[in-house]
2 protein chains.
Amino acid sequence: MKTLAGGITAPLGFLAAGIATGIKKRGIRDLALLVSERAGPIAGLFTRNRLPAAPVVLDRLHLRHRTGRAIIINSGNANACTGPRGLADAEEMARLVARRLDARPRTVFVGSTGVIGQPLPMSCIRRSLPVLLQRLRRSGGREAARAIMTTDQRIKEVAVQDRIAGRLVTVGGMAKGAGMIHPDMATMLAYLSTDAAIAQSALQQSLRHAVNRSFNCISVDGDTSTNDTVLCLANGMAGNPTLRAGSPGFAAFRRLLDHACHSLAMQVCRDGEGVTKVVQILVVGARSPADARRVAQVVATSCLVKTALFGEDANWGRIMAAIGRAGVGVNPRKIRLSFDGVAIVKGGAGLGPAAERRLTKIVRRQEFTITVDLGQGRAQSRLWTTDLSYNYVRINASYRS
Amino acid sequence: MKTLAGGITAPLGFLAAGIATGIKKRGIRDLALLVSERAGPIAGLFTRNRLPAAPVVLDRLHLRHRTGRAIIINSGNANACTGPRGLADAEEMARLVARRLDARPRTVFVGSTGVIGQPLPMSCIRRSLPVLLQRLRRSGGREAARAIMTTDQRIKEVAVQDRIAGRLVTVGGMAKGAGMIHPDMATMLAYLSTDAAIAQSALQQSLRHAVNRSFNCISVDGDTSTNDTVLCLANGMAGNPTLRAGSPGFAAFRRLLDHACHSLAMQVCRDGEGVTKVVQILVVGARSPADARRVAQVVATSCLVKTALFGEDANWGRIMAAIGRAGVGVNPRKIRLSFDGVAIVKGGAGLGPAAERRLTKIVRRQEFTITVDLGQGRAQSRLWTTDLSYNYVRINASYRS
């Protein structure tokens, strides 16, 4: 597997652009377009939020036809909680792009991110579409990735390549997301492109596999949004024999997609609002995967654990308290805790000052692993969490002002 | 009903003291004792955390005998995650007090609050017990309330009185808690005293009723602790005919206890770590009380909602997003949202700039109510939440240093 530049436009046959239309202030890019030269199978996963934004409602409908040609995404406005008008606006975005590409509207997917509850300024989008299409380029991945950012500090891109059945197959991707990051489900906007020839069912299965091990395993603040979306569009231009579940090369393709999603998810975590640390919470020795995941989630989302991480305080008592309130039957005497392999709790009790001192060095690291061994079975689960800092509060207290 | 001074020692026959023993630094009070002149029925509710601290384990055992005489509480150390030694230390605390009062150890209850995972410095406690008992006074409620504080900024006390069956009956109380405040259950340390004559079963029932409507309805940071405890000790010295469930005067007693618990819970909320606002989340129109409570909890604990409250930003979109991820079936078109009676969402969509402007005034208030009407039924639930501020992060990032 090889890492490339180029992001979402690294695979053959993809063009992208990102421009400023006035949805955001001061000429900041706020509208992105990804177009494949050929229509192809598309896979998608969406937020489980019961109040999904209009573009999520629309994309779910379009996904039934399983074919995609283009994705248009605006930032600065989420088009969520906008009622029937919001859905009409999302439909119009798809229709306008489709008309100019001479494609069916149902092959155009729509994404929005930003403030909830404000009507989308459609005049900005209508007026800017000709320019957006004109700017489409093979090298446009980066400006598209920039145009979907909101509170993100950094552009999030990935591109990986491998030889599959004698052909070079590439997967590219871009993502936005720095707050409202939480399992379950596609926990922000992430778009993937590939030139692999692949059946839609195999693409959907691969995407679910990759998302479950990446975006569904990161947590910045425990909130999930109305807009979370992951889409993967494939155009077959690599010329490989069409991949199906179990066919030769399918495993290699899954590895590419897994890698791309994991990379984007870690970029989202590291760029989390106010984040200074990314910490892996690894729960082992659980009776069931559900138990393991539940404990990992409660530890990963505890405000007290997250502020202690920010303070570089190895306050393992807060981790124990979180384990205890996870609603999972645990035996205190069997619990072991360690930070990057250094044990601090055995048999439910602390190991004393010498162990504490060794921990103080580990908690100063930018990235480390906290392992919780419940000592009850063989199931395990892993999540990545972040610290909770002054900057998280600052960013979110003043987001709309 | 009349409000009195005197806190936990306002009812007849209660003495209290609070002293500094060296568990905390710099001569800060860290050991409290409450003693009733007579033993009497005691009721209790404890954390649901699966890793309860040693004093919780001990108190649960003692509560089986339903009779109490004294409660000893230290701050500065939670005696949690301390293994078999922790339980032996809690037992010793009870035994030492019992010996000096010539009482049975099982009538002495123990509380601890502070850092998790450090062994209790028992030498401080042993050495100081004679002084503590000597200082017991009718007017000692306030210094006892001070001695149980940790990150609390303010002393939390209450005392209310009413005439029941011709006799003046008083309920007093004290509480500590400013972080780790969350339903369910006794969400910090709270101790209540009463001179009512009451059967233990009626006392336990009254306490559960009061706690469900007070301590179980506040949320500062979503974390519950290993130590949360509410105890209510009754000594019968008011001389009223013994109250039982349904007997004359029982309802009046419940009102006293409800009032005392509500007052302490609100004091805890207002003194929450870094809190600048206390906001009531009222969910109405739900299909079931469980649905209503679930929605209220998700809104009340959302970091994004809480930072917006701190920023005095009427960011109702975040409330809608929280409602949507509560896992409760909702119909966007039926949802209404209002702040102190001012509508901002109807039919799932925002009401526009004029309504927003009216909201900006309300979110500047120190206390207000956010009403979520799901429009589906008649069930409702109410919680009190707080904002999430820089100071919350500061306090919790540096708690142990």
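Which way does helix 7 of chain A cross helix 9 of chain A, right-handed or left-handed?

1. Some ground rules come before the details. This is a predicted model, where local features need pLDDT of at least 70 and side-chain atom pairs count only at pLDDT 80 or more, while totals for chains, interfaces and linings use all residues. Residues are numbered from 1 along each chain as its sequence is written, and chains are lettered from A and ligands numbered from 1 in the order in which they are written.

2. Now for the opening question. Helix 7 (residues 289-301) of chain A passes helix 9 of chain A with axes 8 Å apart, at about 135°. (Helices are DSSP runs of H or I with at least four residues, numbered from the N terminus; axes are lines fitted to C-alpha atoms over the stretch in contact, with angles from 0 to 180 degrees between N-to-C directions.) That angle makes the pair oblique; under 35 degrees counts as roughly parallel, over 145 as roughly antiparallel, 65 to 115 as roughly perpendicular and the rest as oblique. The crossing is right-handed, meaning that the near helix is turned clockwise from the far one by less than a right angle, with anticlockwise being left-handed.

3. Who touches whom here? V295(A), V298(A) and V299(A) from helix 7 of chain A meet I319(A), A322(A) and I323(A) from helix 9 of chain A. By class, that contact has 6 nonpolar, no polar and no charged residues. (Ala, Val, Leu, Ile, Met, Phe, Trp, Tyr, Cys and Pro count as nonpolar, Asp, Glu, Lys and Arg as charged, and the others, Gly among them, as polar.)

4. Keep an eye on V295(A). Leaving aside neighbours within four places in sequence, V295(A) is in contact (C-beta atoms, placed from the backbone, within 7 Å) with residues including V283(A), I323(A) and L374(A). V295(A) and V295(B) also touch the most other members of the largest nonpolar core, which has 271 residues. Such a core is a set of buried Ala, Val, Leu, Ile, Met, Phe, Trp, Tyr and Cys residues joined through C-beta atoms within 7 Å, and buried means 20 or more other C-beta atoms within 10 Å of a residue's own.

5. Helix 9 (residues 316-324) of chain A has another partner: helix 8 (residues 303-310) of chain A, at about 160° with axes 9 Å apart. So these two are roughly antiparallel, and their crossing is left-handed. L304(A), V305(A) and A308(A) of helix 8 of chain A meet R318(A), I319(A) and A322(A) of helix 9 of chain A.

How values were computed:
Buried ≥ 20, exposed ≤ 12 C-beta atoms within 10 Å, placed from the backbone. Contact = placed C-beta atoms within 7 Å.
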